[in-house]
Amino acid sequence: MITKNRKFGKGIESLEAKTMMAGDVAVSFDAGDLFLNEAAGDIGENQQVQVSQLTDGRIQVQGLNGTELDYVVRRGDALGRGQSVEVIDADTIIISGMQNLNANLGEGNDLFQTTGEKMSVNNVNIDMGIGNDSDRVNLQRVVASGLVSISTGGGNDSVQVASSTLLNDDDALEVFTGDGLDSVNIFRVFCEGDVLIDTSDNNNLNERDTVNVIVSEMDDLEINLGGGNDQVDLAFVDLDTAEVNAGDGDDDVHAAAVDAFLFDYNGGSGFDEFFNYRTNYGYNPDNDFQIDWFSSVEQFNDKDDL
Ligand SMILES: [Ca+2]
Ligand SMILES: [Ca+2]
Ligand SMILES: [Ca+2]
């Protein structure tokens, strides 16, 4: 009887594992560069991985929901002074001395996230594959001195960057979400430099991308939405220049308490609605405000009315 139950239990377990198709991740570390790639036997599968900084400053890499980690020493990989790798168990590896974080999770519905203590890093490169898959990126509590670059490719993807400080005074953050219905959320991100959000790859006008930038600071913000009936919400954003290229389709823009020296909106074709609540008003009355009226934009409560 007991044996039977055991067999039954094992069968369920393996069925669940098979249904999820969790792919494993190959972890490599070379001279401060952490690489997270699809494991050789799991190309195109669903990898879920999390990177967090521990209280002692070391970096913990964890496979989530069935993803296991393989530590791979490649030809030429070297550990420098203060750099080490410790394999804890099948889904946990702890490293010291990380400088750059590189994740390339390929095809399949993948998840990459950061959590834990504020993580000090130079460059962050997150590539979730180009195919028609559904990827999620959730970066939190990152302090980056270099460029943070996120690319999610085709399919319906979501990207969130929150509670982070980006110190590079040139290009601080770039997000490319490819085609599909994508959402990008920037929340409490403070940048010394510029931010580019590009959801402009679209197969058809039904692809409604959403971009939110809330309670954040940066130099220049460029948002390219491409075709589709897209939506942008900006609230409590302090910046030099905001450039929103909404492309074709019926787009909706809400700008609330956005303080920019120049706010430039290019609506493309289609019937767009631009709702302006106290944007460029109050703090800097000389700030410029440009709306491309050739694209059937309706502007409510604009600067001249205030
Ligand atoms: Ca993917
Ligand atoms: Ca994958
Ligand atoms: Ca996409």
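Analyst: Two strands are said to pair if DSSP finds at least two bridges between them. In this predicted model, strand E11 (residues 124-127) and strand E14 (residues 148-151) are joined in the parallel sense by four bridges.

User: Which residue of E14 stands opposite Val124?

Analyst: Val124 faces Val148 in E14. Strand E14 also has a parallel neighbour in strand E16 (residues 171-176), to which four bridges join it. There, Val148 has Leu173 as its bridge partner in E16.

User: With which strand does E3 pair, and over how many bridges?

Analyst: Strand E3 (residues 48-53) pairs with strand E9 (residues 111-116) in the parallel sense, over six bridges. Within that pairing, Gln53 has Gly116 of E9 as its bridge partner. Strand E9 pairs in turn with strand E12 (residues 136-140), again in the parallel sense, over three bridges. Here the partner of Gln113 is Asn138 in E12.

User: How should I think of the side chains along a strand?

Analyst: In a regular strand, side chains alternate between the two faces of the sheet.

User: What does the secondary structure of the whole protein come to?

Analyst: The protein has one helix and 27 strands. Of its 306 residues, 40% are buried. As for contacts between residues at least 6 apart in sequence, 48% join residues at least 24 apart.

User: Where is Phe271 found, and is it buried or partly exposed?

Analyst: Burial is judged by counting neighbouring C-beta atoms within 10 Å, with 20 or more needed for a buried residue and 12 or fewer for an exposed one. Phe271 is partly exposed because 13 other C-beta atoms lie within 10 Å. Phe271 is found in the loop between strand E24 (262-266) and strand E25 (273-277). The C-alpha atom of Phe271 is separated by 4.7 Å from that of Asp250, although the two residues are 21 residues apart along the chain.

User: What is the mean pLDDT of the protein, and over which residues is the pLDDT below 50?

Analyst: The mean pLDDT is 87, and 84% of the residues reach 70 or more. Over residues 1-19, however, the pLDDT is below 50, and this stretch has two contacts in the model beyond near neighbours in sequence. The pLDDT also stays under 50 over residues 293-297, for which the model has 13 contacts beyond four places in sequence. Where pLDDT is low, the predicted coordinates should not be read in detail.

Key
Residues numbered from 1 in each chain as written. Chains lettered and ligands numbered in written order. Predicted model: local features only at pLDDT ≥ 70, side-chain atom pairs only at ≥ 80, totals over all residues. Helix = DSSP H or I, 4+ residues; strand = E, 2+ residues; numbered from the N terminus. Contact = placed C-beta atoms within 7 Å. pLDDT = per-residue confidence, 0-100.
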